[in-house]
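Let's work out where the words used for a protein model come from.

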Amino acid sequence: MGLFTVLKHLKKLGGETLLYALMNVGTKLIAFLMLPIYTHYLTTTEMGVFENIEAMVSVLTFVVIFGTDNALAFYFFKTDDHKEQDKFVQTVLTFRFLLAVFFLLLFIIFGPLFSKFLLGISSYSKLFILAGVVLVSESVITLILTYYRYQFKAKKVAVITLIQLGLVASFTFVLLKYLNYKVESVYVSRLVSGALIILVLIIPIIKFFSFKVDFKILKRILAYGAPLVPASIAFWVITFANRFFLTHMESLESAGVYGVAIKFAAMISLLTSSIQMAWRPYSLSIQKNENAPQIYAQISSLILMLGMVGLVGVATIAPFLMKIMVSSNAYQGASKYIAFLSLGSFLSFYYLIISVGLFIKEQTKVLSKYVIYSAILSVILNIILIPLLSIWGAAIALVLSYLFVNVIIFKKSQEFYYIPLSIKKNGFIFLVGLVAMLTVTFIYELDLSKWFISIPWLALLGAVFFVVKLDKIRLVQKSR
């Protein structure tokens, strides 16, 4: 298969990626631009409180959704009967709302216990109640926006989402700067913004809101969606649980510094999430192409190369970006973790690229199984590494857990659908990129001459050139 064929497919994937990137970049950028505000007005301890409660809200969001997003999509498009579609939406909305209200009641009754258990301090109980109210309001808003998405009203979804995030950012800034609300400002802002958005969406909310549950429909939805919940919670454990380990094994301050580093690292998802959304339909659309395995292999290799070069770039600019974005010296130590945590973000996306065979052969249950294994590994690694290496321990636990996911799921995917992806070549690029990234990080940490940074860059670019040249030689030899 020639280079032009690969470029043709890359162009198609790139077009889809750009479309999704434009939809995602606004929301992620607003969240990222809030960092200077958070770090200016919140201490590392307060940031640690914020990180822990955000982690809790994120897992409860998974539980409230309970796999109903995938189930709703399946059943909504399975029928052309609008009344039946509305029944599915109504049932899911009622289920999510009642489950969110249940968690809110728990926070109202046991707020001090939650605060003591998760934060080590019982005085933040009001924050849990605020977070619970936000969970209820956002469970309603999210489903209505999902309904609009299924009606292909993408512009409306994008505009409402951006307006909501803009309101949250504006209210948070005002509450922090002028009223000294501290951590409460985030949740009060989300609550007020959510209330305004609910007023905008009041017509569809009234249409679908009901305390009557069609248990036959609910049973079908939960039967489809519930098996997906363990994998979602497992991913949460890998990504968020280390905040709690840092809090209890070290301090809220460590969790706060880690939280700032991971927020910088998450910016890589501006690109990866867009590729991920485009990759699924694109990869499945070409599965009948006789050269599909070769296309998958070459695109996977190219994404890895670009990813490793990008991560070394992150390591190079992270300290400068940190000084520009964060004024408080208390957070400056977070810069040394950004590139390595960005590797974790990259790996959390890359396994979906190299496991395309599982989706083609409808073997997605394999994903859940090994993600759960990885979550268990993550817990063990956090318990062992954090007492030894502090924040580095949490970062290493994150990366190793996602690396395990990539290796084991790729191996299983190959058993169902073989892709001629060179383990040696890609392993070589990954190792050179990892060493180069860590070398750049520690050149800054040891305050060595910045000219030394050219050495890891030359090593990585040389490795990429060597691999690309080797591929060209092999293509020429095959064509003879």
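Axes here are lines fitted to C-alpha atoms, for helices over the stretch in contact, and angles run from 0 to 180 degrees between N-to-C directions. Helices (H or I, at least four residues) and strands (E, at least two) are DSSP runs, numbered from the N terminus. This is a predicted model, where local features need pLDDT of at least 70 and side-chain atom pairs count only at pLDDT 80 or more, while totals for chains, interfaces and linings use all residues. Residues are numbered from 1 along each chain as its sequence is written, and side-chain values use heavy atoms, with hydrogens and water left out.

Q: What makes α6 roughly parallel to α8?
A: Helix α6 (residues 125-150) and helix α8 (residues 184-200) pack at an angle of about 30°, and their axes are 9 Å apart. Angles under 35 degrees count as roughly parallel, over 145 as roughly antiparallel, 65 to 115 as roughly perpendicular and the rest as oblique. So α6 is called roughly parallel to α8.

Q: Which way does α6 pass α8, in a left-handed or a right-handed crossing?
A: The crossing is left-handed. That word is used if the near helix is turned anticlockwise from the far one by less than a right angle, and right-handed if clockwise.

Q: Which residues of α6 and α8 make the contact?
A: Contact means heavy atoms within 4.5 Å. On the α6 side, the residues include Leu 127, Leu 130, Val 134 and Ile 141, and on the α8 side they include Tyr 187, Leu 191, Gly 194 and Ile 198. By class, the contact of α6 with α8 has 11 nonpolar, 2 polar and 3 charged residues. Here Ala, Val, Leu, Ile, Met, Phe, Trp, Tyr, Cys and Pro count as nonpolar, Asp, Glu, Lys and Arg as charged, and the others, Gly among them, as polar.

Q: Why is Ile 198 called partly exposed?
A: Buried means under 20% relative accessible area, exposed over 50%, and partly exposed in between (1.4 Å probe, protein chains only). Ile 198 has 23%, so partly exposed is its label. You'll find Ile 198 in helix α8. Leaving aside neighbours within four places in sequence, Ile 198 is in contact with Ser 137, Ile 141 and Ile 205.

Q: Why does Ser 189 count as buried?
A: Its relative accessibility is 1%, so Ser 189 gets the buried label. Ser 189 is also in helix α8. Not counting residues up to four places away in sequence, Ser 189 touches Val 168, Phe 171, Thr 172 and Leu 175.

Q: How do you know that α3 is roughly antiparallel to α11?
A: The axes of α3 and helix α11 (residues 229-249) come within 9 Å and cross at roughly 160°. That angle is why α3 is called roughly antiparallel to α11. The crossing of α3 and α11 is left-handed. Their contact includes Glu 51, Ala 55 and Phe 62 of α3, along with Trp 236, Phe 240 and Arg 243 of α11.

Q: What makes Glu 51 and Lys 263 a salt bridge?
A: A salt bridge is a side-chain nitrogen of Lys or Arg within 4 Å of a carboxyl oxygen of Asp or Glu. For Glu 51 and Lys 263, the closest N and O atoms are 2.1 Å apart, and the pair qualifies. Glu 51 is in helix α3 (residues 44-65) and Lys 263 in helix α12 (residues 252-265), 212 residues apart. Glu 51 is buried at 2% relative accessible area, whereas Lys 263 is partly exposed at 22%. Glu 51, Arg 243 and Lys 263 are linked in a network of salt bridges.

Q: How many salt bridges does this rule give?
A: The count comes to 6. One of them joins Lys 207 and Asp 86, with the closest N and O atoms 3.5 Å apart. Lys 207 lies in helix α9 (residues 202-208) and Asp 86 in helix α5 (residues 82-119), so the pair ties together parts that are 121 residues apart in sequence.

Q: Why are Lys 412 and Glu 415 separated by about one helical turn?
A: Because they are 3 residues apart in helix α18 (residues 391-416). Lys 412 and Glu 415 form a salt bridge, with the closest N and O atoms 3.1 Å apart. Glu 415 has a relative accessible area of 51%, so it is called exposed.
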